[in-house]
Amino acid sequence: MDYAATGQEALSRIAGACDLETLEGLRVEFLGKQGSISGLLKTLGKLSPEERKEEGPKIHGLRESVSEALAARKDALESAALEARLAAETIDLSLPAPEAPRGSVHPISQVMDELAEIFADMGFAVATGPEIEDDWHNFTALNMPETHPARAMHDTFYFPDKDDEGRDMLLRTHTSPVQIRAMIAKGAPIRIIAPGRVYRSDSDATHTPMFHQVEGLVIDKGIHLGHLKWTLETFLKAYFERDDIVLRLRPSYFPFTEPSVEVDVGYSQENGRRVVGGSGDAPGHAWMEVLGSGMVNRRVIAAAGLDPDEWQGFAFGTGVDRLAMLKYGMDDLRAFFDGDVRWLSHYGFSALDVPTLAGGVGTPA
Ligand code: PHE
């Protein structure tokens, strides 16, 4: 049989196909299951061995050249389509840019970036958890069982419904549940900070129903209060960018730490503003509480599935909004959440002013 004519005709029809749909139609016509060339291939089975030797290579050659032609035509049609699209989709690069850059980085975002930078230098990763929590993570696992009086102090926003496991759902009242989630997810050793939003039903000049905390957690072997004090001192010196930060640790109580310490820093009043630095006992100075902290309670370590005889650690928590106010001198917390562009253009930061330890975490390089 003369396959040359069949081939010629197929190739010229392929070359003439002017869109991908027509081309696909041809592929089915020649090479599809019921296709003409596929049909020829099927006839090989019925031939004698000699005839097959003669016909086989010809039919296979035919199929080969047709499928090559199909692929080449497909390529050509696709790149023509791309060219056409590129020609049609023009962008007008002559549009004027805004006169001045608009928008700024909110002081809270800025401070969270500063914290991440400072703690990254000490080997801490940033962890997150959900703002909609269940009461096991927010309270029970943190050694606050249902009847614990500390629960009442949190002014919790509860949801009307329980979750699938029958747990009460709430807006997290602190970032401490991230301690539990991080230990369960990552095991030990662990070094994380967890910045984020928290919620309490409380509102005045120094309290907003939503505010920000940053949690810190270190779990390892042989961790003691000295590690906690060094870490907090190093953090506060880097954050306030002063070497004369003096800490005072006071015994306190949190259900999830034992022992618990509240951390004060010395400050003085300058031009009606609190300026952190120096001992709170020095003349003209006083102490101000900035952090809650302590050694992680054994019961919390056990609740998160770790062996408290093997692993110890410390945790701390503090308000990001307050840290921002202290460093950058705002006096009303509520302005943080007003979205007033005048306030933002005054207190906001340039998007290009990325905090680095080398360039200064809070001041333009
Ligand atoms: N979660 C505590 C609070 O919201 C702060 C804290 C965190 C205290 C970690 C000790 C350890 O007040």
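Trainee: How far is a polar side-chain atom of Ser-176 from a nitrogen atom of the ligand?

Mentor: The distance is 2.9 Å. A polar contact here means a pair of N or O atoms within 3.5 Å. Bear in mind that the model is predicted: local features need pLDDT of at least 70, side-chain atom pairs count only at pLDDT 80 or more, and totals for chains, interfaces and linings use all residues. Numbering runs from 1 along each chain as its sequence is written, and side-chain values use heavy atoms, without hydrogens and water.

Trainee: And which side chains have an N or O atom by an oxygen atom of the ligand?

Mentor: Arg-200 has a side-chain N or O atom 3.1 Å from a ligand oxygen. For Gln-213, a polar side-chain atom is 3.0 Å from an oxygen atom of the ligand.

Trainee: How much of the ligand does the protein bury?

Mentor: The protein buries 89% of the 330 Å² that the ligand exposes when taken alone. Those areas are Shrake-Rupley values with a 1.4 Å probe.

Trainee: How many residues surround the ligand?

Mentor: There are 14, with a heavy atom within 4 Å as the cut-off. His-174, Ser-176, Arg-200, Gln-213 and Glu-215 are the closest. By type, the shell has four nonpolar, eight polar and two charged residues; Gly counts as polar, and the charged ones are Asp, Glu, Lys and Arg.

Trainee: What volume does the largest pocket have, and how many residues line it?

Mentor: Its volume is about 1,300 Å³, taken as the space filled by probe spheres set on the points. The lining has 45 residues, and Phe-211, Glu-289, Thr-318, Gly-319 and Arg-322 lie nearest the centre. They split into 17 nonpolar, 17 polar and 11 charged.

Trainee: Which element gives the most to that lining?

Mentor: β10, with six residues. In the shell around the ligand, the largest share is three residues from β11. Elements are DSSP runs: helices of at least four residues, strands of at least two.

Trainee: Changing topic, which peptide bonds are cis?

Mentor: One joins Ala-188 and Pro-189, with omega about 0°; Pro-189 is in the loop between α8 and β5. Another runs from Glu-258 to Pro-259, omega near 0°, and Pro-259 belongs to strand β8.

Trainee: What about Glu-241: is its phi positive or negative?

Mentor: Positive, about 55°, although Glu-241 is not a glycine. Glu-241 is in the loop between α9 and β7.

Technical notes: On a 1 Å grid over the protein atoms alone, a cavity is a set of points where a 1.4 Å probe fits but cannot get out, and a pocket is an open set with protein on both sides within 12 Å along at least five of seven lines; lining residues have an atom within 4 Å of a point. A polar contact is a pair of N or O atoms within 3.5 Å; within protein, one must be able to donate a hydrogen and the other to accept it, and residues adjacent in sequence count only if both atoms are side-chain atoms.
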